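Okay, thanks for coming, everyone.

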Amino acid sequence: MEKKDLQPASVFHFFEEICKVPRPSKKEEKIRQYLIDFARSRGLEYKVDEAGNVLIRKAASAGMDYLKTVVLQSHIDMVCEKNNDVEHNFETDPIETYIDGEWLRAKGTTLGADNGIGVAAELAVLAADDIEHGPVECLFTVDEETGLTGAFALKEGFMSGDILINLDSEDEGELFIGCAGGAGTVAKFPCPMVKAPEGWFFFRVAVKKLVGGHSGDDINKNRANANKLLNRYLTALMQSYGMRLCEIDGGNLHNAIPREASAVCAVPMEYKEAVRVDLNVFLSEVEDEYSVTEPNLTMELESETPREEVMEQEAMRRFLLAVYAVHNGVYMMSQDMPGLVETSSNLASVKQKDGEIVIVTSQRSSILSSRKDMSQMVRAAFELGGAVCVTADGYPGWKPNPNSEILGIAVESYKRLFGAEPKVKAIHAGLECGLFLEKYPSLDMVSFGPTLRGVHSPDERMLIPTVDKFWRHLLDVLKHIPAKA
């Protein structure tokens, strides 16, 4: 199979088009201009708000203007992650895609199907002259991945639809009617440095090749967290050999499970071989613990040139123990929807800079009080270690409405097309729908999309056959939107 043969042709055409346009979060200028040029070239009405969100309107096809107006919605930014051995500038370079069996992937980077495939589907609807639909508004929001900025900034009256179909879900055959709310907690530990001991062995230890993934959708998949694994090993060295820490760095994005982490450390020269032996033993143990979910997990240790300074001993001890104690992963499963994660936390990144060690975490829950409790639990562990913590205001969840009219239409459409009952679910990841409800409380919403895996990591991939099913389902739902009151 070649890319030119992929179906539906129009959707894959526009997906390849936007893969050529850089669109990191908070730097969506180029993709926004692409959308504006697209609308202008087709004589479509469009507008842009102060935040940079774009809305493009398309009139109903012949004889269908009696239907309610539908908003199709996707976010235009993408998570920019790459493997360390890959040269790629996300602000200038196109995403290079290739076919791997039934999957579409990118060469060493995130694919951007989250949420580029939703954007491509909207563009295909706007460009088509042979599909049936009522009035359509296509909403393209900015900066979903790093703070839902576009959805937060959306003003009342910017869109006028009665129904919203969010195209940012990742499991074909599943209809989503709810999502978790979330907030980020940042901890800043003091990192005083003192003169390094003389004659010690300095080394770098690294955790590599973890699967990573989305800190909401993948948090229940028992994947390892690189920051927690590294910290576990360092704490053992501190307790056994009086190890001192020089540098530490792990993870990147607040909404990604960290795949790699490293530290530069020092121990008395007499323990030079002991730390290597201990690493082999430790690696063997964690390989056994994660034998199913982390098949490529590895840790490396190599000698380093001596550093002039190391972290002050008590500050280091408090930092390492706090990170060891802080919760990471699933905390509570939903009592209402079997299999749904209710509350979780992700230890996303650890960065040393300007005399501090800054730790970024994210907490999610479908229940606001539980999310606040999780944030407070994380803060308690860090504050006991001497950190200064701040929890952001966060974003609301989307409470499921099982009696939703658009849900009923989407369910019946799926059954009619594919002879199977779709799963109706809520998702632990954050969607923008909760914020839309705050501004437009009467909106009737549902979310669906094709199957994606490995999102927010260079392993991101899209299951090609599900794109056609997603597209057919979307077009059939558009044909069966209810009439205006």
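Let's start with Lys26: its relative accessible area is 52%, and the cut-off for exposed is over 50%, so Lys26 counts as exposed. Bear in mind that what you're looking at is a predicted model. Where do you find Lys26? Lys26 sits in the loop between α1 and α2, and α2 covers 29-41. Now check the backbone there: Lys26 isn't a glycine, yet its phi is positive, near 70 degrees. Why point that out? Because most residues other than glycine have a negative phi.

There's another one like that, Asp143. Asp143 isn't a glycine either, and its phi is positive, about 50 degrees. You'll see Asp143 in the loop between β6 (136-141) and α4 (149-153). So is Asp143 buried or exposed? With a relative accessible area of 2%, and buried meaning under 20%, Asp143 is buried.

While we're on the backbone, let's do peptide bonds. Most of them are trans. Gln7 and Pro8, though, are joined by a cis peptide bond, with omega about 0 degrees. Pro8 is in the segment before α1, which runs 9-19. Asp114 and Asn115 are also linked by a cis bond, and there omega is about 5 degrees. Asn115 belongs to helix α3, residues 113-127.

Next up, Ser169. You'll find Ser169 in the loop between β7 (163-166) and β8 (174-179). Ser169 counts as buried, because its relative accessibility is 3%. What does its side chain pair up with? The side chain of Ser169 makes a polar contact of 2.5 Å with the side chain of Ser447. If you skip neighbours within four places in sequence, Ser169 touches Phe176, Ser447, Phe448, Gly449 and Pro450.

Last stop, a pair of helices. When two helices pack, we describe them by the angle between their axes and the distance between the axes. Here the pair is α9 (residues 405-418) and α11 (residues 464-479), packed at about 125 degrees with axes 9 Å apart. That angle makes α9 oblique to α11. The crossing of α9 and α11 is right-handed. Who's doing the touching? On the α9 side, the residues include Ile406, Ile409, Ala410 and Phe418. Over on α11, it's Lys469, Arg472, His473, Asp476 and Val477. The residues of this contact between α9 and α11 split into 7 nonpolar, 2 polar and 4 charged.

Okay, that's my tour. Over to you for questions.

Methods
Residues are numbered from 1 along each chain as its sequence is written. This is a predicted model: local features need pLDDT of at least 70, side-chain atom pairs count only at pLDDT 80 or more; totals for chains, interfaces and linings use all residues. Side-chain values use heavy atoms; hydrogens and water are left out. Axes are lines fitted to C-alpha atoms, for helices over the stretch in contact, and angles run from 0 to 180 degrees between N-to-C directions. Helices (H or I, at least four residues) and strands (E, at least two) are DSSP runs, numbered from the N terminus. Angles under 35 degrees count as roughly parallel, over 145 as roughly antiparallel, 65 to 115 as roughly perpendicular and the rest as oblique. A crossing is left-handed if the near helix is turned anticlockwise from the far one by less than a right angle, and right-handed if clockwise. Contact means heavy atoms within 4.5 Å. Ala, Val, Leu, Ile, Met, Phe, Trp, Tyr, Cys and Pro count as nonpolar, Asp, Glu, Lys and Arg as charged, and the others, Gly among them, as polar. Buried means under 20% relative accessible area, exposed over 50%, partly exposed in between (1.4 Å probe, protein chains only). A polar contact is a pair of N or O atoms within 3.5 Å; within protein, one must be able to donate a hydrogen and the other to accept it, and residues adjacent in sequence count only if both atoms are side-chain atoms.
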